[in-house]
Each structure stands twice: as C-alpha cells, then as structure tokens.
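Subject: Handing over the structure

Hello,

Here is the structure I promised to pass on to you. Have a look at it first, and then read on for what turned up.

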Amino acid sequence: MVNDNHQYLTGNTSLAAFLKSSGFNLLFIQYDQRQGTFAFNSSPLLDAAVESFNHCEATGNIVQYQMARDELV
C-alpha cells in the first residue's frame with residue numbers, strides 16, 4: 001500500500017525482510033500493539049520486487065534475508 005508521502009507500507013514481516021535484504025532502505029517501523037508497519041520509499045523498482053515476492057518468484061541471499069528478518073522482529 002502506498003501512502004500520500006509516496007511511501008510503501010506493509011505489515012508483512014517476511015516481505016519487509018525481503019525488501020531490506022534486497023537493498024531497499026527501511027524508513028521506519030510503526031508499532032501498533034504487537035503489529036509493526038514497515039515503510040519504504042515507493043518506486044517502480046520496489047513495486048517490481050513486491051510483485052515478484054507476491055508471485056513467489058523472489059530471489060535473493062537467504063543469509064541476508066534472515067539477518068534482515070532478525071533485525072525486524
């Protein structure tokens with residue numbers, strides 16, 4: 001979901017870890033009780049990465065992914 005500030009927001013921790021491990025800059029995490037919302041700058045490249053993740057076509061380094069996920073949770 002893209003907000004008015006051209007930021008891509010997601011509550012999906014796995015997607016956020018994939019984006020972070022793929023080199024996208026995490027702007028902030030907003031916590032609401034136990035749920036986090038992760039914000040990234042929206043761009044066509046990020047949109048393509050999200051689409052590949054959502055279609056189970058994402059590729060990357062599993063070690064970097066796990067390190068990013070550990071940072072987020």
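Where is Cys56 found? Cys56 sits in the loop between H2 and H3. Before going further, please keep in mind that this is a predicted model. Cys56 has a phi near 60 degrees, which is a positive value in a residue other than glycine. Most residues other than glycine have a negative phi. With a relative accessibility of 75%, Cys56 counts as exposed, because the cut-off for that class is over 50%.

His6 is another residue to look at for its backbone. Its phi is also near 60 degrees, again positive in a residue other than glycine. His6 belongs to the segment before E1, and its relative accessible area of 59% makes it exposed.

Now to the sheet. It is an open sheet of three strands in the order E1-E3-E2, and the pairing is antiparallel. E1 and strand E2 (26-32) stand at the edges with a single partner strand each, so one side of each has no neighbour in the sheet. On average, neighbouring strands here are turned by 20 degrees against each other, direction ignored. Between E1 and E3 there are four bridges in the antiparallel sense.

Helix H1 is the element I would explore next. It lies across E1, E2 and E3 and runs at about 30 degrees to E3. Why is H1 (residues 13-21) described as largely enclosed by the rest of the structure? Seven of its nine residues are buried, so the description follows from that count. The buried ones are Thr13, Leu15, Ala16, Ala17, Phe18, Leu19 and Ser21. Their cover includes strand E1 (7-10), strand E3 (35-41), helix H2 (44-54) and helix H3 (62-72).

Both ends of H1 have something to show. At its start, a side-chain oxygen of Asn12 comes to within 3.0 Å of the backbone nitrogen of Ser14. After the helix comes Gly23, with a positive phi near 100 degrees.

The side chain of Ser21 reaches the backbone oxygen of Phe18 at 3.0 Å. Leaving aside residues up to four places away in sequence, Ser21 touches Gln64, Tyr65 and Ala68.

That brings us to the aromatic residues. How many aromatic pairs does the structure hold? There is one. Phe18 and Phe53 form this pair, with 5.7 Å centre to centre and 25 degrees between the planes, and it is stacked. The pair links distant parts of the chain, since Phe18 is in helix H1 and Phe53 in helix H2, 35 residues apart. Phe18 is buried, because its relative accessible area is 9% and the limit is under 20%. Phe53, at 21% relative accessibility, counts as partly exposed.

Enjoy exploring it!

Best wishes

Methods: Residues are numbered from 1 along each chain as its sequence is written. This is a predicted model: local features need pLDDT of at least 70, side-chain atom pairs count only at pLDDT 80 or more; totals for chains, interfaces and linings use all residues. Side-chain values use heavy atoms; hydrogens and water are left out. Buried means under 20% relative accessible area, exposed over 50%, partly exposed in between (1.4 Å probe, protein chains only). Helices (H or I, at least four residues) and strands (E, at least two) are DSSP runs, numbered from the N terminus. Contact means heavy atoms within 4.5 Å. A polar contact is a pair of N or O atoms within 3.5 Å; within protein, one must be able to donate a hydrogen and the other to accept it, and residues adjacent in sequence count only if both atoms are side-chain atoms. Rings of Phe, Tyr and Trp (its six-membered ring) pair if their centres lie within 6.5 Å; planes under 30 degrees apart count as stacked, over 60 as edge-to-face and the rest as tilted. Two strands pair if DSSP finds at least two bridges between them. Axes are lines fitted to C-alpha atoms, for helices over the stretch in contact, and angles run from 0 to 180 degrees between N-to-C directions.
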